[in-house]
Amino acid sequence: MNQYLDIIIRSGAVYFFMVIALRLFGKKELSQLNTSDVILILLISNSVQNAMVGNNTSLLGGLLAAAVLFLINFILKKLMFHYKDFSTLLQQKPEILIHDGTLDFKILSRLNITSDELREAMREHGIEYFSQVKLAMLEVDGNISIISGDKNLKQTHYKRVKKLKKTVS
């Protein structure tokens with residue numbers, strides 16, 4: 001029984017370490033996954049596996065570690081929903097990147113968003129010029145939302161994670 005309590009404590013510690021690490025490295029990293037990011041995620045998962053289960057390689061040990069991670073995640077989501085201050089502590093706030101066609105270079109620099117990345121997001125929204133953007137925001141999930149247009153505002157949402165296209169038969 002003591003070995004399973006050890007798994008619970010270790011799994012919790014790894015989970016909270018990962019929450020803090022992701023909070024420190026920023027929301028942009030969450031949604032824009034390239035090859036090196038996928039490799040990093042795979043290596044991190046492999047490196048923390050032993051930290052969670054130790055020498056216990058049993059099915060029960062692995063399932064217990066997974067259950068602890070799901071439970072902690074569930075509890076944190078509930079706490080973030082009910083307590084705004086707690087949510088603010090764990091999640092970053094949305095950032096305004098462009099307002100009325102004017103780029104905020106200070107924020108873009110701090111977030112390490114290049115003009116090429118911003119132009120890519122604009123193209124995904126069907127926007128050619130910065131002057132056409134009423135509001136562009138880096139959302140808490142790392143996606144860029146853009147509102148454009150003059151009289152009839154048009155809002156689109158650019159998902160920075162590449163999706164597989166479904167084919168209809």
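Predicted model: local features only at pLDDT ≥ 70, side-chain atom pairs only at ≥ 80, totals over all residues.
Local features need pLDDT of at least 70 and side-chain atom pairs count only at pLDDT 80 or more, while totals for chains, interfaces and linings use all residues. Residues are numbered from 1 along each chain as its sequence is written, and side-chain values use heavy atoms, without hydrogens and water.

**Exercise 1.** Classify the ring pair of Tyr15 and Phe16.

Solution. Rings of Phe, Tyr and Trp (its six-membered ring) pair if their centres lie within 6.5 Å; planes under 30 degrees apart are stacked, over 60 edge-to-face, and the rest tilted. The structure holds one aromatic pair. The ring centres of Tyr15 and Phe16 are 5.9 Å apart and the planes stand at 85 degrees, so the pair is edge-to-face.

**Exercise 2.** Locate the two salt bridges of the structure.

Solution. A salt bridge needs a side-chain nitrogen of Lys or Arg within 4 Å of a carboxyl oxygen of Asp or Glu. Arg10 meets Asp6 with the closest N and O atoms 2.9 Å apart; both lie in helix α1 (residues 2-25), four residues apart, about one turn of the helix. Glu95 and Arg110 form a salt bridge at 3.1 Å, N to O. Glu95 lies in strand β1 (residues 95-99) and Arg110 in helix α6 (residues 105-110), so this pair ties together parts 15 residues apart in sequence.

Note on methods. Helix = DSSP H or I, 4+ residues; strand = E, 2+ residues; numbered from the N terminus.
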